[in-house]
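Hello,

Here is the structure we talked about, for you to open alongside this email. My notes on what was found follow below it.

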There are 2 protein chains.
Amino acid sequence: MRTLFHYPLCPYSRKIRMLLAEKNLEFSLQFEPVWRKRPEFLDINPAGKVPVLIDHENQVIMDSGVISEYLEEAYPGQNFIGKAIAARAETRRIVAWFDDVFFNEVTKQIVFEKTMKRQFSLGEPNSNVIREGISYMHQHFDYLSWLIERRHWVAGETFSLADMAGAAHISTLDYINHVPWEEYPEIKEWYSRIKCRPSFRGLLNDQVPGIIPPVHYWDLDF
Amino acid sequence: MRTLFHYPLCPYSRKIRMLLAEKNLEFSLQFEPVWRKRPEFLDINPAGKVPVLIDHENQVIMDSGVISEYLEEAYPGQNFIGKAIAARAETRRIVAWFDDVFFNEVTKQIVFEKTMKRQFSLGEPNSNVIREGISYMHQHFDYLSWLIERRHWVAGETFSLADMAGAAHISTLDYINHVPWEEYPEIKEWYSRIKCRPSFRGLLNDQVPGIIPPVHYWDLDF
């Protein structure tokens, strides 16, 4: 059976969970508390990170960027990176923007700081870090709104891996009720289109001990 | 004319410079002092990072991972990611390991700390950070030696993007004379094979104001 190691609010794992579901590839989820550095897991991925995919014939694939390229090549039925070379570069550019810039400046500074930092034994949440994350979030949401106003989906006219990457990060912010939806109607409309997809349902069912998401988190018509 | 925006000790730019040269694609180098945040450059890449490639017909590609996938697709003549799907995943895994784990734990903690931190106005080098980087470097060099003992090149039997990524990071450490070559004969032998390639020559000619590399840095038979 295909297995994905993950933990619930990991945006990189969320992106791959959506991609697997969009490709109709069945998989079982294996919760991996990476902060515990289990030797059995470090044997699988010495870098100690999720997601890690164990595909058929025990093929082990790690790093969400590597996994998504692998899934596109191994299961080419429906294509989520794009067809033309320039379109593929644009999808990958936006995925990298979410997974590198947006993650480091927003997801990490807000979601990681508020929910995971204690688990990783890295001390208490720092309100200056969270404030800086919120300021970056507004800056990046302005850019995201600008993109969505001009395109139906973030990387172009078709739903792609870039939308999954974006929704993965934003869904973790939404879980802790940190998305100012009313200020960004374009983003809200785009996100609600993604939220309605069957591939998103698994993400909405995640439960993080001790953190109850706002009611609208589950609501498909929020 | 194809143009690559870079700065001399940027390992991501170095990887792309090698890849362009290996593919025999002519390009001009444009020095970009990213720490100055030039508005003209931010118009090209709002993320403010190098490398950025301006390809023919003014196609703008940014992020070294996106650029390498783009170059492989746009100029498929010689392939540097691999042929079989599993081999491609292995090349990408090692590229990601160098560009994410090795960069954050070693290149950034040693090279960035010692040479770039002042330029970015982020204060003075911190010797604790450098010490931690050196400790990680030994740990990661042990793994790299283990890989090279088992394979001719780091990702398998053929020279690939993974070797370019590795040589890009290690060459920046070597520029500031921070590689304990005598302790790692396998790595030294592998690196000297890469150093002899014509694609590496441009990197060896880089000059960073105020930092003179050790004599062996240029020596192909060090």
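How many helices and strands are there in chain A? Chain A has eight helices and four strands, where helices (H or I, at least four residues) and strands (E, at least two) are DSSP runs numbered from the N terminus. Their order from the N terminus is β-α-β-α-β-β-α-α-α-α-α-α. The radius of gyration of chain A, taken over C-alpha atoms, is 17 Å, close to the 17 Å that the globule rule (2.2 Å times the number of residues to the power 0.38) gives for 222 residues, so chain A is as compact as a globular protein of that length.

Before the rest, some conventions. This is a predicted model, in which local features need pLDDT of at least 70 and side-chain atom pairs count only at pLDDT 80 or more, while totals for chains, interfaces and linings use all residues. Residues are numbered from 1 along each chain as its sequence is written, chains are lettered from A and ligands numbered from 1 in the order in which they are written, and side-chain values use heavy atoms, with hydrogens and water left out.

Now the two copies. Chain B is superposed on chain A by a rotation of 180° with 0.0 Å of shift along the axis, at an RMSD of 0.0 Å (least squares on the C-alpha atoms of residues with pLDDT of at least 70 in both). That is the relation of a two-fold axis. The same surface serves both copies, since 100% of the contact residues of chain B recur in chain A; contact means heavy atoms within 4.5 Å.

Next, Asp163(B), which sits in helix 6 (residues 161-175) of chain B. Asp163(B) is buried but has no salt bridge. Buried means under 20% relative accessible area, exposed over 50%, and partly exposed in between (1.4 Å probe, protein chains only). A salt bridge needs a side-chain nitrogen of Lys or Arg within 4 Å of a carboxyl oxygen of Asp or Glu. The nearest side chain of opposite charge is Arg193(B), 6.4 Å away; Lys and Arg count as positive, Asp and Glu as negative, and His and the chain ends are not counted.

Finally, the backbone. The peptide bond from Val50(A) to Pro51(A) is cis, with omega near 0°, and Pro51(A) lies in the loop between helix 2 (39-44) and strand 3 (52-55) of chain A. Asn58(A) is not a glycine, yet its phi is positive, near 55°. Asn58(A) is exposed, at 62% relative accessible area.

Regards
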